[in-house]
Amino acid sequence: MVWSIRLSGGGDANCIDTRGVEVAIKQRVDDSLTSKLPNFYIVSKPQICLTETAYPCHPNSIHKTLSLNWSQSDCLVEVVNGATGRIAGSSPFKSGTSMTSRLCKAAMLSRFYLVAKEANREDLSTVPTYHAAKVMAKSYQEAKALLKSSFVHHGFGTWLVKNPNAEVFHMQ
């Protein structure tokens, strides 16, 4: 899958340079890391460019917290209120009655269960939490450890650790 990141002037109308983002995203990961990664993991360098603002955002606008996301596998844009994490009523993509984003961890865990079921992996289809699923993913843990090591080796500092409670929730 190829990802493209587009930076719009919505966040900063004076933005005229992508260099800072390019350094942060593209130059912190050495291409030689790819040869050390587990199977099916690669180092990708996203396309970064400036574009015109799709919709002018005014400081007092109700639209200033809206975010758009879409994936290569479908053509429907999801409009999410970034302040609440819920899908905006006008969104063409709806992910169910909870109206949470398809990018939230609960949605990712739900898709993980579907893939585990399709692969006949009963041991994975009953994993109790999002965190437990990530811990069980050996190749993911190996790739993450290599990335962390690369950051330290190149002087970029240590991996920022988030509150572990954010990943310990149960699906019903």
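Colour by secondary structure to follow along; helices (H or I, at least four residues) and strands (E, at least two) are DSSP runs, numbered from the N terminus. What you have open is a predicted model, where local features need pLDDT of at least 70 and side-chain atom pairs count only at pLDDT 80 or more, while totals for chains, interfaces and linings use all residues. Residues are numbered from 1 along each chain as its sequence is written, and side-chain values use heavy atoms, with hydrogens and water left out.

**The whole chain**

Show the surface before zooming in. The protein exposes about 12,600 Å², and carbon and sulfur atoms supply 58% of that area (Shrake-Rupley method, 1.4 Å probe; for residues, only the protein chains shown count as cover). Of the 172 residues, 21% count as buried. Buried means under 20% relative accessible area, exposed over 50%, and partly exposed in between (1.4 Å probe, protein chains only). Now for contacts, meaning heavy atoms within 4.5 Å: among those between residues at least 6 apart in sequence, 45% join residues at least 24 apart.

**The sheet**

Next, select β3, β4 and β5. These 3 strands form an open sheet in the order β3-β4-β5, with antiparallel pairing. The edge strands are β3 (66-69) and β5, each pairing on one side only. Two strands pair if DSSP finds at least two bridges between them, and β4 and β5 pair in the antiparallel sense over 2 bridges. To see how they line up, click N81, which stands opposite R86 in β5.

Stay on β4 and pick V79, which sits in that strand. Is V79 buried or exposed? V79 counts as buried, at 10% relative accessibility. Leaving aside residues up to four places away in sequence, V79 touches L66, S67, L68, R86, I87, A88, S91 and P92.

**Around R102**

Now jump to R102, in the loop between β5 and α2. Show side chains here: R102 and E78 meet in a salt bridge (4.0 Å, N to O). The pair links distant parts of the chain, 24 residues apart, with E78 in strand β4 (residues 78-81) and R102 between β5 (86-87) and α2 (105-118). The term salt bridge means a side-chain nitrogen of Lys or Arg within 4 Å of a carboxyl oxygen of Asp or Glu. Both partners are covered: R102 counts as buried at 8% relative accessibility, and E78 counts as buried at 0%. The side chain of R102 also reaches the backbone oxygen of N69, at 3.1 Å. That is a polar contact, a pair of N or O atoms within 3.5 Å; within protein, one must be able to donate a hydrogen and the other to accept it, and residues adjacent in sequence count only if both atoms are side-chain atoms.

**Along α2**

Follow the chain into α2. Its 14 residues should span 20 Å at 1.5 Å a residue, and the end C-alpha atoms are 20 Å apart, which agrees. The expected span is 1.5 Å times one less than the number of residues. Which residues of α2 are buried? Select A107, L109, Y113 and A116. The cover over the buried residues of α2 includes α3 and α4 (130-136).

Just after α2 comes N120, with a positive phi of about 55°. N120 lies in the loop between α2 and α3 (122-125) and is exposed, with a relative accessible area of 63%. For background, most residues other than glycine have a negative phi.

**Two last stops**

R121 counts as partly exposed at 37% relative accessibility, and D123 counts as partly exposed at 42%. By this rule the count comes to 2 salt bridges.

Finish at F40, in the loop between α1 (19-26) and β2 (47-51). F40 has a positive phi of about 75°, although F40 is not a glycine. At 85% relative accessibility, F40 counts as exposed.
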